[in-house]
Amino acid sequence: MFDGYDSCSEDTSSSSSSEESEEEVAPLPSNLPIIKNNGQVYTYPDGKSGMATCEMCGMVGVRDAFYSKTKRFCSVSCSRSYSSNSKKASILARLQGKPPTKKAKVLQKQPLVAKLAAYAQYQATLQNQAKTKAGNIAVSMEGFSWGNYINSNSFIAAPVTCFKHAPMGTCWGDISENVRVEVPNTDCSLPTKVFWIAGIVKLAGYNALLRYEGFESDSALDFWCNICGSDIHPVGWCAASGKPLVPPRTIQHKYTNWKAFLVKRLTGAKTLPPDFSQKVSESMQYPFKPCMRVEVVDKRHLCRTRVAVVESVIGGRLRLVYEESEDRTDDFWCHMHSPLIHHIGWSRSIGHRFKRSDITKKQDGHFDTPPHLFAKVKEVDQSGEWFKEGMKLEAIDPLNLSTICVATIRKVTQNFLLNGLTTSGKLAPLQHQ
């Protein structure tokens, strides 16, 4: 950021119309570094002499180097120009990137032009720093790797089969260690995309640690990838699709007959089911769509529900934005099979508390979710002993999900209980199904 000026280049013979007195500019401290730009000499502030901002051009610089006793202007020209509102407006327009007016042309002397360029450079530097900072934050957020985390700590990940509600949860049984797949060969200098066969060394959820065939116990080129990704195929896919199988460059010298090697290695080995990619695609199809309206528990008052709109669907999980949220930030995440969400009109049908929306008319594009998409409550024979008001039971504390507390049934509706939690002698309303 350049902040000085060359007082010799300004015309000081004319009278000033400003309220400031015309004084000679104080000499600049000798210890400040000198910077030359297009024949003009400027100094760079060291931050020790105090800073000031010119009220005319907005230039920032060392306070001692500014003009006049009050240090309001960086030069005689800015002091004189300050009295003219039209000129001031023209300068501000120039700083904002707008074309200057005809009256502003008289101010286009070399020192002012240089200062404007310096100011623009200063603003560009600030923008670049902001972009760099934002980029670093994005990298830190996206840089987490499940594979590295599992490897470095020798952790064991819960298998996909433990989550029946998750994509592929019911058809993951055939995926295990030593299963062979065809994947892109990244250790190759060919200009076209080629593939090679790899075996699963370790599984962590949907992620698998793969090792190219031919590396034996060498883990130098092991890599993690998502088994459900579009580049993962069963053995035989390349032959059927006309894609080349090329061994990695690192081990090309190990065998002269790679075809015989693969036949020996793959005999009796397991691979992905032929319809694996189709199963993945089908498991990622969800009946809930954006813009659907639902009734969901009010996270601020757990004993009632309110209307929310599906904003996005990821892996069967819904991001629900409460309908009255104007900035779309008052959201609520839950799975599409969660007992916390219901079709529109559910609360009224069972006599449950419901917060009416201030929005009287449904917004364009929003529509009510069909009732058949929600998980149905199992029919229970209520002819014998059943829940009654005043009964005690154990229930999860909604304000501290890691604890179970004594609860009192406050109200019984159709397959739905309204409880009061007893915690340290205090009662809190709770939804518990």
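In E8, which residue is the bridge partner of asparagine 207?

Modeller: Happy to: it is asparagine 226 in E8 that is the bridge partner of asparagine 207. Before going on, please keep in mind that this is a predicted model, where local features need pLDDT of at least 70 and side-chain atom pairs count only at pLDDT 80 or more, while totals for chains, interfaces and linings use all residues. Residues are numbered from 1 along each chain as its sequence is written, and side-chain values use heavy atoms, leaving out hydrogens and water.

That bridge belongs to the pairing of strand E7 (residues 207–212) with E8, which is antiparallel and extends over four bridges. Strands here are DSSP runs of E, at least two residues, and helices are runs of H or I, at least four, numbered from the N terminus; two strands pair if DSSP finds at least two bridges between them. The whole sheet is open, with five strands in the order E8-E7-E6-E5-E9 and antiparallel pairing. Strand E8 (223–226) and strand E9 (233–234) are at its edges with a single partner strand each, so one side of each has no neighbour in the sheet.

Now for the helices. Helix H4 (residues 146–153) lies across strand E6 (195–204), E7 and E8, and runs at about 130 degrees to E8. Helix H6 (residues 258–266) also packs on the sheet, where it touches strand E5 (180–184) and E6, and its direction makes about 30 degrees with that of E6. Contact means heavy atoms within 4.5 Å; the angles, from 0 to 180 degrees, are between N-to-C directions of axes fitted to C-alpha atoms, for helices over the stretch in contact.

The ends of H6 have their own details. Asparagine 257 caps the N-terminal end, with a side-chain oxygen 3.3 Å from the backbone nitrogen of lysine 259. After H6 comes glycine 268, with a positive phi near 85 degrees.

Key: Polar contact = N/O pair within 3.5 Å; in protein donor to acceptor, adjacent residues only side chain to side chain.
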